Amino acid sequence: MLRVLYLVHDLSDPAVRRRVLMLQAGGAEVTLAGFRRGENHLADIEGVTPLELGATADARFAQRLVAVAGAAVRLPRMLASAQRPDVILARNLEMLALASRASVHFGTVPIAYECLDVHRLMLRADPVGRFLRGAERHFSRKAGLVVTSSPAFVEHYFKPLSGIHAPVHLLENRVLELHGGDAAVPARTRPAGAPWRIGWFGAIRCRRSLDLLCAFTRRMEGRFEVVLRGRPAYGEFDDFDGIIAREPFLHFEGPYRNPEDLPAIYAGVDFTWAIDFFEEGQNSRWLLPNRLYEGCRHGALPIVLDGTETARLAARHGVGIALADGRLETLTDRFATFGEDAYRALHARLVTLGTRPWILDRADCAAFVQRLAALRQPAGQAASLSPLPSLVANKVDCHDR
């Protein structure tokens with residue numbers, strides 16, 4: 001059994017829980033260690049007691065650097081009782097730095113670098129950006145694999161800017177389904193005259209999206225409602241709770257358990273808001289969000305923005321509703337005459353595709369664990385792995401926001 005030490009920047013992130021479940025389903029034994037950033041007990045993992053390295057906070061980069069430096073000093077002591085791992089999986093740059101320290105502690109353990117977002121600081125052309133990219137290059141010298149969730153991250157960052165030469169493993173943010181069950185996209189029935197409902201689930205961090213949806217639902221005078229669920233990034237909003245309280249057609253219904261609660265929460269909406277203006281033109285243009293896969297798997301049509309990787313994937317599968325831009329008038333015009341016939345036709349396309357494009361099953365989990373296990377091979381054999389420009393497809397070739 002492959003022993004994986006998983007180092008994470010936020011133990012309360014539900015995506016961390018999903019990754020641990022995926023590793024376990026693939027046959028790995030997981031030791032989880034990382035920083036606590038807020039409380040989210042829905043992200044706790046049964047049977048796993050994490051090693052807490054300290055506490056960090058959103059949008060406080062300097063504080064996180066200090067916390068990582070302190071953890072680097074304490075790490076050998078904290079790992080003294082841990083079993084030697086076969087592979088270290090490091091989520092985000094700060095944990096990649098700690099992975100190098102942990103690898104030395106255990107006597108040179110292979111490292112995989114999991115990078116599912118490219119922060120705007122990494123893309124700056126000034127000394128700050130150059131310093132961070134230099135740090136990433138330095139710590140990635142010992143990484144035998146980069147795990148990322150969108151081909152656009154490779155095209156726009158890893159190949160032209162990062163200077164990282166490790167092979168890339170593309171692991172999309174698909175829905176984790178480990179127990180079989182219904183293999184079909186669920187049918188949809190709508191009560192006559194009911195308002196259309198847009199679901200915005202997951203990491204809620206985009207102020208522009210919130211402003212746009214507030215204005216849109218008011219303009220449509222109740223024909224459309226928005227349901228929000230997940231983890232609001234309160235630091236990105238002036239008064240998130242106050243905004244929701246004042247809006248007649250927006251409803252925040254709290255956190256949810258992923259993947260267990262997905263069928264129920266998506267059954268209550270008709271569309272998925274799969275647009276993100278956060279770090280506009282950079283990360284938001286390149287990412288493939290969890291909610292795109294979740295909504296399509298459970299029969300909610302994605303609303304996407306032209307020119308993004310999300311829209312490209314939706315167009316490739318022939319699903320969803322694309323907006324030319326993020327203006328209120330564009331959104332309003334697109335849905336001004338939208339009706340039941342148009343919805344049924346678009347939903348029929350989702351049903352025809354089935355669930356396979358949107359899910360990860362046990363075979364995918366096993367394939368990912370096998371890919372990590374390959375890092376233990378002798379140097380001559382490891383050299384045969386795909387170089388950076390070549391992507392390893394998800395599925396059985398074998399992912400999170």
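Does Glu225 count as buried or exposed, and at what relative accessibility? At 17% relative accessibility, Glu225 counts as buried, where buried means under 20% relative accessible area, exposed over 50%, and partly exposed in between (1.4 Å probe, protein chains only).

The model is predicted: local features need pLDDT of at least 70, side-chain atom pairs count only at pLDDT 80 or more, and totals for chains, interfaces and linings use all residues. Residues are numbered from 1 along each chain as its sequence is written, and side-chain values use heavy atoms, with hydrogens and water left out.

## Salt bridges

The structure holds 24 salt bridges, a salt bridge being a side-chain nitrogen of Lys or Arg within 4 Å of a carboxyl oxygen of Asp or Glu.

| Asp86 | Arg3 | 3.8 Å |

Helices (H or I, at least four residues) and strands (E, at least two) are DSSP runs, numbered from the N terminus. Arg197 is partly exposed, with a relative accessible area of 25%.

Asp10 is buried at 4% relative accessibility, whereas Arg231 is partly exposed at 27%.

Asp86 and Arg3 form a further salt bridge. Asp86 lies in the loop between helix H2 (61–78) and strand S4 (87–91) and Arg3 in strand S1 (residues 3–8), so the pair ties together parts that are 83 residues apart in sequence. Asp86 is buried at 12% relative accessibility, and Arg3 is partly exposed at 26%. Arg3, Asp86 and Arg376 are linked in a network of salt bridges.

## Aromatic contacts

A search of the whole structure finds 20 aromatic pairs. The ring centres of Phe237 and Phe240 are 5.3 Å apart and their planes stand at 55°, so the pair is tilted. Rings of Phe, Tyr and Trp (its six-membered ring) pair if their centres lie within 6.5 Å; planes under 30 degrees apart count as stacked, over 60 as edge-to-face and the rest as tilted. Both Phe237 and Phe240 are buried.

One aromatic cluster comprises Trp196, Phe216, Phe224, Phe271, Phe335, Phe338 and Tyr343. Arg190 lies over the face of Trp196, at 3.6 Å from the ring centre.

Key:
A charge sits over a ring if NZ of Lys or CZ of Arg is within 6 Å of the ring centre and within 35 degrees of the ring normal.
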